[in-house]
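Hi everyone, thanks for coming. Let me put the structure up, and then I'll walk you through a few spots in it.

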Amino acid sequence: MFTSLPQGNWSDMTPPGPALYDAVLLDRDGTLVEDVPYNGDPEKVRPLPGAREALDRLRAAGLRLAVVTNQSGLARGYFTERQMHAVHARIEELLGPVDHWAICPHDDTDGCACRKPAPGLVHEAARALGTTPSRCVLVGDIGRDMAAALAAGATGILVPTPVTRPEEVDEAPAVARDLPGAVAEILRRDRAVRPVVPRPGRAGTVLVVRSDSAGDVLVTGPGIRAVAAGAERVVLLCGPRGRAAAELLPGVDELIEWRLPWIDGSPGPVDGEDMRRLTARLAAVGADEAVVFTSFHQSPLPLALLLRMAGVPRISAISDDYPGSLLDVRHRVPVGVPEPERALSLAAAAGFALPAGDEPALRLRADLPAPAVDLPAGGYLVVHPGSSAPARACPPERCAEIVAALAADGHRVLVTGGPAERELTARVAAAGGTDLGGATDLAGLARIVAGARCLVAGNTGPAHLAAAVGTPVVSLFAPTVPFGQWGPYRVPTVRLGDAGAACRDTRAAVCPVAGHPCLSGVDPARVVAAVRRLVPG
């Protein structure tokens, strides 16, 4: 059995190829240097411990650096622009060169688009560095930094200080102890999606597996595309709940639909005859190898046993449990890694990588059919109130209030849902939206979401569908699972909901707390403000 190398021991000389990031954006006060309120004096600049070494590691890895900082002291007259530049010169003297300084000189009352938590500084820095926000990481010490990163579609890592509020820590997509820790995580994640030893040639037939719901299949897309880039043929084994999403993925040549009782959320008894038929079907694929993708709480080992019985000679999977001879590549991933990157890292451990020009983002096939409904002329928003897991759905009465508030703000609102959700969508749309419940399949929904200015939804498949088509998301996110792992990936996002609610990290499908407090308290006015942040004008 081959066990993939511990990621902390990977060589810095990993093979060249696509990576996650081009640039790291850094907050100034409290992240790089001690926070001296309204500092205009270079003599008061004090770098935080390990800052110089951390930045040098980023430079050595070829990542460009920018500082993104709110400096309302300019607007308030506490220091001059010349004094501010002197402070920045001192920072560079102590910490090394910075490729770009993105500065907001405004006060909160100015209503500008650059003051964090608005995403303007992130957009400016990305343009100046010749990249896009989705290929940037922003490291900062307060919630405004994380909100700005998310609203631009960038990655955010919080490094808390004594001034960081507990709720800001709860809401952060990722948390590191300090700047050196954040840099170590950035470099680890960047290396993890590159094969340690690239394949010398293309594989033959590769069986890939993701037997789960639509959203789970969508977030596995980048890993499947990486396998497809290095294989002659890709066969995807999926479950009935994920079939419609699997049909939307690029890189898949054949689908096998089969319900796996150790994965299914409502399993029946294990049927020995059904397992024998599945084993025979897997053997008929003639796969040269298999890559088994799972969620962090699922085991690949039952299927690995069937694959061995089907004669598959090489099997790769993520497994914390000892696999014996069931796996050839036993890969491990730290908790909290975004699901698309988790899948990519498994593909990399098996020797597969995305080809040049294919960004590590969610994508759908280009030949999606047009929706079977007439869409309104001009811009519109989509509100999707339902979810396959009730714990992740915003209460219907609150969704109706959100639709009413968006309509009052001048938006056309389409309310979407599946055939079983018609009663729900009718109730929510009655507040001022257009009811499209049950009017289209998943491919049609993808087209509807692709044409929207923004999607408002919980942690459910359509949020990942929006990420795959590049539509911004107001995420009404129940904290039953980690936001950094399951939030909309690499798309402009505003997160709403109580991130510290009692249901946090329970993975509950049905809300374990009376009244569903994590989402029932979402203020519709905050949803309106979130849409304005994501869709200016």
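Helices here are DSSP runs of H or I with at least four residues, strands are runs of E with at least two, and both are numbered from the N terminus. This is a predicted model, where local features need pLDDT of at least 70 and side-chain atom pairs count only at pLDDT 80 or more, while totals for chains, interfaces and linings use all residues. Residues are numbered from 1 along each chain as its sequence is written, and side-chain values use heavy atoms, leaving out hydrogens and water.

Let's start with D56, which sits in helix α1, residues 51-60. D56 is partly exposed because its relative accessibility is 33%; the class lies between buried, under 20% relative accessible area, and exposed, over 50%, using a 1.4 Å probe and protein chains only. Along the sequence D56 and P97 are 41 residues apart, yet their C-alpha atoms are 9.7 Å apart in space.

Now to the strands. Strands β5 (residues 136-140) and β6 run parallel and are joined by four bridges; pairing takes at least two DSSP bridges. Within this pair, L138 stands opposite G156 in β6.
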